[in-house]
Amino acid sequence: MTLWEMTAVLLAGTAAGAINTIVGSGTLITFPVLLAVGLPPVTANVSNALGLVPGSVAGAIGYRAELAGQRRRLLRFGTASLTGGLTGAILLIALPGGAFEAIVPVLILTALVLVVLQPRVARAMAARRAAAGTAAPATDGGWLLLACIGLTGVYGGYFGAAQGVLLLALMGMLLPDDLQTINGIKNVLAVIVNGVAAVFFLFASTIDWTAALLIAVGATLGGVLGARIGRRLPPIALRALIVAVGLAAITKLLFF
């Protein structure tokens with residue numbers, strides 16, 4: 001990579017780390033940049049998964065206050081995420097590269113739809129809780145949420161874009177907690193999924209270590225900043241950026 005390409009990857013990692021901590025979907029920033037600097041899709045995906053792990057850890061630490069008293073849930077949900085993330089990583093390596101190239105645009109488009117619909121999901125969550133009242137008992141969401149978290153882990157281990165949005169929507173609809181607590185749980189689950197996938201990729205795939213290191217440095221900085229100032233950032237601007245970059249990625253994959 002040239003100096004300018006390395007700078008672009010570093011900045012993309014920083015943006016992804018912040019976005020992942022606040023909402024999710026940071027892969028929609030880093031993945032297209034890695035493709036643009038010449039990495040093959042599968043190599044870009046596994047290098048990106050490894051590089052984003054430190055950022056996810058930084059984001060989870062930033063939300064440690066919201067995670068107080070969540071140990072039992074984290075163990076339960078984390079087991080599902082671990083299993084799902086490993087399954088998704090295995091599928092990524094097992095499926096032919098051509099199949100992955102064909103699936104990626106669909107995954108990105110699906111993630112963009114989720115990003116755009118997130119405000120509507122949030123309003124539906126608020127309406128549901130208002131109708132239920134504040135006395136609604138705390139639950140773990142039952143087996144339905146556990147299964148959904150496991151399937152989201154499969155998706156996250158395979159590709160990862162909008163994994164956080166999926167988790168926020170699912171837990172928001174099935175748990176009675178406030179969104180900040182749910183976001184803290186989401187960050188921990190993202191660490192587990194990305195971490196187990198990254199460990200698997202270390203032994204089973206080709207990694208561009210320059211790209212992974214640049215993303216790791218940027219994502220760590222972004223994760224810290226995202227945890228500190230995430231509540232002040234205008235969500236509409238973040239969604240617009242994610243959609244613009246995602247559409248550019250789809251265009252590149254389909255037509256170039």
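In helix H2, Thr27, Thr30, Phe31, Leu34 and Leu35 meet Pro41, Ala44, Asn45, Asn48 and Leu52 of helix H3, where contact means heavy atoms within 4.5 Å. By class, this contact of H2 with H3 involves six nonpolar, four polar and no charged residues. The model is predicted, so that local features need pLDDT of at least 70 and side-chain atom pairs count only at pLDDT 80 or more, while totals for chains, interfaces and linings use all residues. Residues are numbered from 1 along each chain as its sequence is written, and side-chain values use heavy atoms, with hydrogens and water left out.

**The chain as a whole**
- The secondary structure comes to ten helices and zero strands; helices (H or I, at least four residues) and strands (E, at least two) are DSSP runs, numbered from the N terminus.
- Of the 256 residues, 51% count as buried, that is, under 20% relative accessible area with a 1.4 Å probe and protein chains only.
- Among contacts between residues at least 6 apart in sequence, 85% join residues at least 24 apart.

**H2 against H3**
- Two packed helices are described by the angle between their axes and the distance between the axes.
- H2 (residues 27–36) and H3 (residues 41–62) pack at an angle of about 135 degrees, with their axes 9 Å apart.
- H2 is therefore oblique to H3; angles under 35 degrees count as roughly parallel, over 145 as roughly antiparallel, 65 to 115 as roughly perpendicular and the rest as oblique.
- The crossing of H2 and H3 is right-handed, meaning that the near helix is turned clockwise from the far one by less than a right angle.

**H3 against H9**
- The axes of H3 and helix H9 (residues 209–229) come within 7 Å and cross at roughly 20 degrees.
- H3 and H9 are therefore roughly parallel to each other, and their crossing is right-handed.
- Residues of H3 including Ser47, Gly51, Gly55 and Gly59 meet residues of H9, among them Trp209, Ala216, Gly223 and Ala227.
- This contact of H3 with H9 has eleven nonpolar, eight polar and no charged residues.

**The nonpolar core**
- The largest nonpolar core has 58 residues, of which Phe77, Ile108, Phe159, Met171 and Phe201 touch the most other members.
- Such a core is a set of buried Ala, Val, Leu, Ile, Met, Phe, Trp, Tyr and Cys residues joined through side-chain atoms within 4.5 Å.
- Leaving aside neighbours within four places in sequence, Phe77 is in contact with Asp140, Leu145, Leu146, Ile149, Met171, Leu175, Ile185 and Leu189.

Conventions
Axes fitted to C-alpha atoms, helices over the stretch in contact; angles between N-to-C directions. Nonpolar A, V, L, I, M, F, W, Y, C, P; charged D, E, K, R; others polar. Buried < 20%, exposed > 50% of the residue type's maximum accessible area, 1.4 Å probe, protein only.
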